[in-house]
Amino acid sequence: MADDVLRKLQELASVPELTSGFKTQQECITWANKVLPALVFNAEFRQEFMAYQQNINTVGLSRDLQASSLNQLVSILGLAIADRQHQLSQQPQLVSDELLEYVDVFEAISGRFVKGSTLHLQLEDEVYFKQKAMEVISLIKDFLGDKNQYTGTIYHTLNYDMGTYGPSLHCVQTVKGVVLAAQKEIQRKESKNAHGGSMFKEFMTDSVSIINKNGTEHQNVKASVQKNIILVTDISIPIETGDKIVRILPSKVKEVFEVVDPGYHAGFGGIDAHYQIKYRRGVDAPQAHPQVVPHQIFNLHGDNARVNIHSTDSSTNVVNTNSAELFDGLLKLIEEQIENAKDRESLIATVEAMRQNQGTSGFMSCYQEFMAVASDHITVFGPFIPALTKLLSFSS
């Protein structure tokens with residue numbers, strides 16, 4: 001089983017320059033900068049890789065030290081590939097993959113028929129075939145339920161499509177064809193489930209409470225609060241006009257929405273049933289009190305280049321001439337606040353890229369890539385934007 005991260009790591013581990021040598025130090029730096037984001041799945045490997053990457057980036061470093069550091073980077077990359085392969089091997093096998101294995105089994109059985117007055121199977125092969133047929137019936141039932149077209153067809157074939165000497169070649173091939181058809185349907189369902197059973201899953205980044213008019217409260221409901229509608233895919237929750245939806249922002253400000261139209265939509269094609277709720281904002285919302293947020297100051301380059309985030313009398317100054325705490329703070333915020341795994345990995349990768357490219361012409365593209373991913377979570381990252389923007393002025 002492979003995935004995009006593993007394929008990327010394997011591709012970077014097979015570049016010919018790792019054998020023939022990089023022509024310039026910059027080419028080696030470029031290669032390392034491509035590897036780092038792909039290590040986002042393992043913080044330990046990422047940190048260790050960054051330590052040796054700093055040597056690669058050092059101007060005037062001796063060839064021996066550069067070669068030694070590159071060897072360490074290649075070694076870490078190899079360990080990361082093995083770790084990723086192990087991670088993937090621990091994932092449960094898909095039913096569709098298991099069914100494909102049974103298709104191969106029945107194909108192999110088809111080749112075991114003995115020629116004679118009529119084609120027939122040896123007794124042990126006949127027993128083996130019937131055993132595998134019952135296993136596959138159980139597997140399909142577990143996934144599709146008792147009432148499905150495939151298991152009934154297999155049962156009928158086993159009972160009525162038999163030759164004089166037991167299962168005929170036609171019987172075995174028919175079972176194989178039915179299993180292959182079931183495999184394709186189950187594969188489609190697994191693909192749908194992998195995307196949350198809904199095209200909206202990637203947008204479900206908000207957590208809300210739904211309060212019915214009778215006082216019943218449903219907490220921690222996944223939703224997507226948008227400009228005109230609120231998407232909710234959990235249709236087991238009754239939602240009616242007049243119900244309240246509450247969202248607590250990272251700043252602790254409470255937003256209250258009144259349902260104007262539940263907007264229930266039945267499932268169709270690959271889209272599951274869901275609510276597209278039209279709402280009226282701020283009804284019965286308590287007056288938000290000003291939040292006292294600690295004042296942070298990031299000294300980006302030198303003692304006077306300051307960026308203030310929020311402003312109160314209670315202040316905490318963070319001073320770091322290389323902006324390490326700015327990026328560390330971003331990474332901590334991502335780990336704590338971003339629930340969507342795909343967004344979290346992308347954000348971590350772009351923050352690390354900004355860290356590596358600060359002060360260079362490459363920082364602008366890294367910053368733009370970060371903002372593109374962070375746009376869906378702007379309320380989370382808002383306090384950091386001025387500091388990041390300030391770094392643009394120090395990028396050549």
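A: T350 is buried, at 4% relative accessibility (buried means under 20% relative accessible area, exposed over 50% and partly exposed in between, with a 1.4 Å probe and protein chains only). Please keep in mind that this is a predicted model, in which local features need pLDDT of at least 70 and side-chain atom pairs count only at pLDDT 80 or more, while totals for chains, interfaces and linings use all residues. Residues are numbered from 1 along each chain as its sequence is written, and side-chain values use heavy atoms, with hydrogens and water left out.

T350 sits in helix α11, residues 341-357 (helices, H or I with at least four residues, and strands, E with at least two, are DSSP runs numbered from the N terminus). Its side chain comes to 2.8 Å from the backbone oxygen of L347, a polar contact (N or O atoms within 3.5 Å; within protein, one able to donate a hydrogen and the other to accept it, with sequence-adjacent residues counting only if both atoms are side-chain atoms). Once neighbours within four places in sequence are set aside, T350 is in contact with E369 and F370 (heavy atoms within 4.5 Å).

Let us turn to another helix. In α1, residues 4-13, we find D4, which is exposed at 59% relative accessibility. The C-alpha atoms of D4 and A38 are 9.2 Å apart, although 34 residues separate the two along the chain. The buried residues of α1 are V5, L6, L9 and L12. They lie on the same side of α1, because they cover an arc of only 130° around the axis (taken from the directions from the helix axis to the C-beta atoms). An α-helix has 3.6 residues a turn, so residues three or four places apart point the same way. The cover over the buried residues of α1 includes α2 (17-20), α3 (25-38) and α5 (63-89).

Now for the strands. Strand β5, residues 229-232, is covered on both faces, with I229 and L231 buried on one side and I230 and V232 on the other. It pairs with β4, residues 217-225, in the antiparallel sense over three bridges (pairing needs at least two DSSP bridges). A223 has V232 of β5 as its bridge partner, and three residues lie between β4 and β5 in their hairpin. Strand β9, residues 274-281, also runs antiparallel to β5, joined to it by four bridges; here L231 faces Q276.

Finally, the rings. The whole structure contains six aromatic pairs (Phe, Tyr and Trp rings, the last by its six-membered ring, with centres within 6.5 Å; planes under 30 degrees apart are stacked, over 60 edge-to-face, the rest tilted). Among them is the edge-to-face pair of F106 and F129, at 5.7 Å centre to centre and 80° between the planes. F106 belongs to helix α6 (residues 95-110) and F129 to helix α7 (residues 123-144), so this pair ties together parts 23 residues apart in sequence. F106 is buried at 0%, and F129 is buried at 0%. F257 and Y279 form an edge-to-face pair too, at 4.9 Å centre to centre and 70° between the planes. Since F257 lies in strand β7 (residues 254-261) and Y279 in β9, the pair ties together parts 22 residues apart in sequence. F257 is buried at 0% relative accessibility, and Y279 is buried at 14%. F22, W31 and F49 make up one aromatic cluster.
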